[in-house]
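Keep the sequence and the 3D view open as you read.

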Amino acid sequence: MQPFQGLGVALITPFQADGSIDYTALEHLVAWHIAEGTDFLCVLGTTAETPCLTEAEKQRIIATVRRVNSGRLPLLLGAGGNNTAAVCAYLKKADLTGIDGVLIVTPYYNKPTQRGLYAHFQAVADASPLPVVLYNVPGRTGVNLKAETCLRLAEDCPNIIAVKEASGDLAQIREIINGAPEGFSVLCGDDGLTKESILSGAVGVISVVGNAYPRAFGSLVHAAMNGDETEAQRLDNIFQNIYKPLFADGNPAGIKALLATRGTIANCLRLPLVPATASTTDMLHEFDTTTDFAL
């Protein structure tokens, strides 16, 4: 069975005021997600500010999450890049003990054609000892993995098991869902489209807002998965009120500001990212302190 279903949380990387990683806070976050019912964790994704981490920091983050998790939740590791040879070399040499799959983003900046994307992912799939989840996020990478290319990869590469679809295009998402071969699934990559994607056949989400609301957002996800459209819609109506401020100053600035108002982490990011504005933080704090999910 596909290990990545339900609510997946794209973990943040907590930093201290001096810019170093707060590994104690990271330990607490992982333990909290386990207790709150998160279904799986995505480590070193976009929300983790991975491009601004050193290789040594990445390895310590992996080791920390793996140790605290202790096999309780499936772990999906962000391991993509825009250099195919480097991605393949990493997958061949890395210690991936305790990791259940790798998330591979479409190459950014290079802007490959669909043929180039196919060749890239085919090479990565051949090199990977673990199941591969494709990650399509054209708003960040500058290239869209089209449905036909995604489905061709799903057919031709048995260890490509899913795609995190963050194109924001429901028609494209539904085309992939409807054409997916057995054993291949779609994970929503946009919090705001979670309900629609899952009701259309996606098996879950890799979420940003889940960093702060794993139980409530997980309830939305599972309601949709179980076909309870009424409950999924009720919770979606509530969450729609937070998406604009959450992403107004970019990701993960919003989610870090929200967690900082709770005292969970320090509100620190690494340049070129900067903290959310005071007005955005106030809106997030107001939502957090006044919203009743009535679970």
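Q: In which helix does H33 lie?
A: Helices are DSSP runs of H or I with at least four residues, strands are runs of E with at least two, and both are numbered from the N terminus. H33 lies in helix α1, residues 23-36. This is a predicted model, where local features need pLDDT of at least 70, side-chain atom pairs count only at pLDDT 80 or more, and totals for chains, interfaces and linings use all residues. Residues are numbered from 1 along each chain as its sequence is written, and side-chain values use heavy atoms, with hydrogens and water left out.

Q: Is H33 buried or exposed?
A: Buried means under 20% relative accessible area, exposed means over 50%, and partly exposed is in between (1.4 Å probe, protein chains only). H33 has a relative accessible area of 0%, so H33 is buried.

Q: Which residues does H33 touch?
A: A contact means heavy atoms within 4.5 Å. Leave out residues up to four places away in sequence, and H33 touches V9, L11, T38, L41, G210, N211 and P214.

Q: How many salt bridges does the structure hold?
A: Side chains of opposite charge can pair when their charged atoms come close. A salt bridge is a side-chain nitrogen of Lys or Arg within 4 Å of a carboxyl oxygen of Asp or Glu. The structure holds 9 salt bridges.

Q: With which residue does E27 form a salt bridge?
A: The partner of E27 is R67, and their closest N and O atoms are 2.8 Å apart. E27 lies in helix α1 and R67 in helix α2, so the pair ties together parts 40 residues apart in sequence. E27 is partly exposed, at 24% relative accessible area.

Q: What does the salt bridge of R215 with E36 tie together?
A: In this pair, the closest N and O atoms are 3.4 Å apart. R215 lies in helix α9 (residues 214-225) and E36 in helix α1, so the pair ties together parts that are 179 residues apart in sequence. R215 is partly exposed, with a relative accessible area of 42%. E36 is partly exposed too, with 22%.

Q: How far apart are the closest N and O atoms of K195 and E196?
A: They are 3.9 Å apart in this salt bridge. K195 counts as buried, at 9% relative accessibility. E196 counts as partly exposed, at 24%.

Q: How many cavities of 30 Å³ or more are there?
A: On a 1 Å grid over the protein atoms alone, a cavity is a set of points where a 1.4 Å probe fits but cannot get out; a pocket is an open set with protein on both sides within 12 Å along at least five of seven lines; lining residues have an atom within 4 Å of a point. Grid points are joined across faces, edges and corners, and a volume is the space filled by probe spheres set on the points. The count is 1 cavity of 30 Å³ or more. Its lining is L11, I12, T13, L26, V43, L44, A48 and I61.

Q: What is the volume of the largest pocket?
A: The largest pocket has about 860 Å³. Of its 36 lining residues, L44, T50, P51, G80 and Y108 are the closest to its centre. Helix α3 gives the largest share of the lining, 5 residues.
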